[in-house]
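Welcome, and please take a moment to look over the structure below. The short report that follows walks through a few of its features.

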Amino acid sequence: PYAATGIFLGPEFPSLLGGLVGLAIVTTAARYKFLTPKTTWDFADAKEWPAEWLGTIEMKLDEMAARPMSAFRAWLPYVLVGVILVISRVFPQVTAALKSVSIAFANILGETGINAGIEPLYLPGGILVMV
């Protein structure tokens, strides 16, 4: 998947899709208890802890109001980054529109003739900020 995405989609995608493929492999392996310990270890009950382990702040987790987040909502930013990256690389009109915003730097370090520029909306980081 890493090489195929690099060849067919561009240099931005192997790191994104490589992570997703790795995540799928690891979560599947963990679900089937592959390479996980047979017995688990945990701390003793907090009542048995030495005094130096304890602080002065008491947290009451049952009073905290935590709204559970759906898997769709949690994955949506990553899916949007991937979709927009693919669209921006596959469709020439979208590529041209994103590249039309450019920041140029002329004569860097004085009169050296060294020029540079960036197209922030076309960069993967720019797309991440947009999402």
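## A word on helices and the model

Helices here are DSSP runs of H or I with at least four residues, and they are numbered from the N terminus. Keep in mind that this is a predicted model.

Which residues make the nonpolar surface patch of about 870 Å²? Leu20, Leu23, Trp75, Tyr78, Val79, Val83, Val86, Ile87, Val90 and Phe91 form it. Two elements, α2 (13-31) and α3 (71-90), each supply two or more of these residues. The most comes from α3, which gives seven residues.

Valine 79 is a handy example to find in the view. This patch member sits in helix α3.

## How α2 and α3 meet

Two packed helices are described by the angle between their axes and the distance between the axes. For α2 and α3, the axes come within 11 Å and cross at roughly 140°. The crossing of these two helices is left-handed. On the α2 side, Phe13, Leu16, Leu20 and Leu23 make the contact, and on the α3 side the partners are Trp75, Gly82, Leu85, Val86 and Arg89.

## Arginine 31

Next, follow helix α2 to arginine 31. With a relative accessible area of 62%, arginine 31 is exposed, because the cut-off for that word is over 50%. How far is the C-alpha atom of arginine 31 from that of isoleucine 84? The two C-alpha atoms are separated by 31 Å, and the residues are 53 apart along the chain.

## Two residues with positive phi

Most residues other than glycine have a negative phi, and most peptide bonds are trans. Lysine 33 has a positive phi, near 60°. Lysine 33 is found in the loop between α2 and α3, and its relative accessibility of 60% makes it exposed.

Asparagine 107 also has a positive phi, in this case near 50°. Look for asparagine 107 in the loop between β1 (103-105) and β2 (116-118).

Technical notes. Residues are numbered from 1 along each chain as its sequence is written. This is a predicted model: local features need pLDDT of at least 70, side-chain atom pairs count only at pLDDT 80 or more; totals for chains, interfaces and linings use all residues. Side-chain values use heavy atoms; hydrogens and water are left out. Patches are made of residues with over 30% relative accessible area and no salt bridge: like charges are joined within 9 Å, nonpolar side chains (Val, Leu, Ile, Met, Phe, Trp, Tyr) within 5 Å. Accessible areas come from the Shrake-Rupley method with a 1.4 Å probe; for residues, only the protein chains shown count as cover. A salt bridge is a side-chain nitrogen of Lys or Arg within 4 Å of a carboxyl oxygen of Asp or Glu. Axes are lines fitted to C-alpha atoms, for helices over the stretch in contact, and angles run from 0 to 180 degrees between N-to-C directions. A crossing is left-handed if the near helix is turned anticlockwise from the far one by less than a right angle, and right-handed if clockwise. Contact means heavy atoms within 4.5 Å. Buried means under 20% relative accessible area, exposed over 50%, partly exposed in between (1.4 Å probe, protein chains only).
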